[in-house]
Amino acid sequence: MVGEKISCQSFTSNRDKLICFDNMQELDFGGTVKALDLTERAMRFVGTWPPKSFQPISVFFLIYLIIHCTLAIIDIAANITNTEYIISCLMENVFNVVAFLKICVCKIKRKSLAKFIDDIKSDFTLTNYYYEEEKMAFVNYNKFSRKFVIILLIVAIVAASMYYFFSLAMNVEIVLTNSSYGYRLPYRVWLLIEPTNVVTYVCLCFYQFLIIPSIVFGYVGTDCLFVSLVIHVSGLFSALSYKVKYVLNDTCDREKRLKQLIIRHVRLIRLSESLETDFNFIILLQLIATILQFCIVGYDALVRSADSDAAMLLSFFFIVSSTACGLLVYCYIGECLIKESSILGDALYLCEWYNISKGEKKLMHICMLRSTKGMHLTAGKFFVLSLTTFTDVLKTSMAYFSVLRTFV
């Protein structure tokens, strides 16, 4: 088998290389970097890709979101007695606030995230994986990551674009049928300049169009980075558990290889702890924002349903789907990390440990004891991220939504 290392300068090089196994199956090992490649492209659009953060672009989007959110707050204060208007305004701007905070966190954690990404580049070296099952476990997890990233980006682009253009089309249609009706922008904000003519209105619409890339690449781009890194580490844990039986069942230089296995396990623990440190605030932010989004979007959909506006209701459906998809992805990969980091102990127990020496058993016990405490991610260090969290957030959202329904 020929091992070919992926260049540390770019995740996109050598992506089409194939590994051929003795059973003539082919495995696209180069595809393991595609999730990070897509994430890099998305985050570079807003200048937040950690290894190569472009300050002017990220500062531009931060200033833009600050201005937009400030104008939205002023608009809410000016219409404080109109409950429906406030709910609609909050629904539109909660995404912008969260996008702003996620970009800020990426900027603050830039050095540690860049170091993490640089560290995992060595994992894409083919010679690190000697056994078929080990390779397949790593490749399958990273292909899974790529699918998640693609789905997140597509759903986010569709949802943000549909809301913007449907709102724009509806407002233009109203103005054309009733000239006395003033121009309204797709997003509700307080305006320094009223759009009294077509030129001003087009310029202001172009200004608000930048919200789409802010949400897609600032909000969802950070989610893609989180998904890519966590699933990558989960794939490494899975590959390591498959490697165990070959290490212990082969008597050739077993003690040395067992020590190397412990070193790899310690590294994965360090990577998992680094993920927890870098992303626990983003996870908390995501869960809080998801609850707010479910409640506010649901309430606004109930209000708009009275107008029989099918186009807007369809855009609401995509927004809720995008939010639910993001939440499920967060919770599912948190569950994957817990499962894969804990399964190493089971893999050690199922090996022929009774045939190894006393010194090798001590080394094996070190791994088994540490793997009893599975690695996990938390939301602001308050509670563990898992599939149970997904159901808890849905139940909480529905409870708050039921309260809001009384105001309809």
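Which residues lie nearest the centre of the largest cavity? They are Phe95, Ala159, Ile215, Ile319 and Ser322, part of a lining of 19 residues. Before going on, a word on the ground rules: this is a predicted model, where local features need pLDDT of at least 70, side-chain atom pairs count only at pLDDT 80 or more, and totals for chains, interfaces and linings use all residues. Residues are numbered from 1 along each chain as its sequence is written, and side-chain values use heavy atoms, with hydrogens and water left out.

A cavity here is a set of points, on a 1 Å grid over the protein atoms alone, where a 1.4 Å probe fits but cannot get out; a pocket is an open set with protein on both sides within 12 Å along at least five of seven lines, and lining residues have an atom within 4 Å of a point. The largest cavity holds about 260 Å³ of space, a volume being the space filled by probe spheres set on the points, which are joined across faces, edges and corners. Helix 5 gives the most to its lining, with five residues (helices are DSSP runs of H or I, at least four residues, numbered from the N terminus).

Now for the largest pocket, with a volume of about 360 Å³. Of the 15 residues that line this pocket, Asn128, Tyr129, Tyr130, Lys243 and Arg264 are the closest to its centre. Helix 7 and helix 8 are the elements that give two or more residues to the pocket lining, and helix 8 gives the most, with six.

On to the rings. Rings of Phe, Tyr and Trp (its six-membered ring) pair if their centres lie within 6.5 Å; planes under 30 degrees apart count as stacked, over 60 as edge-to-face and the rest as tilted. Phe148 and Tyr332 have ring centres 6.2 Å apart and planes at 70 degrees, so they make an edge-to-face pair. This pair links distant parts of the chain, with Phe148 in helix 5 and Tyr332 in helix 9, 184 residues apart. Phe148 is buried at 15% relative accessible area, while Tyr332 is partly exposed at 30% (buried means under 20%, exposed over 50%, partly exposed in between, with a 1.4 Å probe and protein chains only).

Tyr164 and Tyr187 form a tilted pair, 6.3 Å centre to centre with 35 degrees between the planes. Together with Phe165 and Phe209, these two tyrosines form one aromatic cluster.
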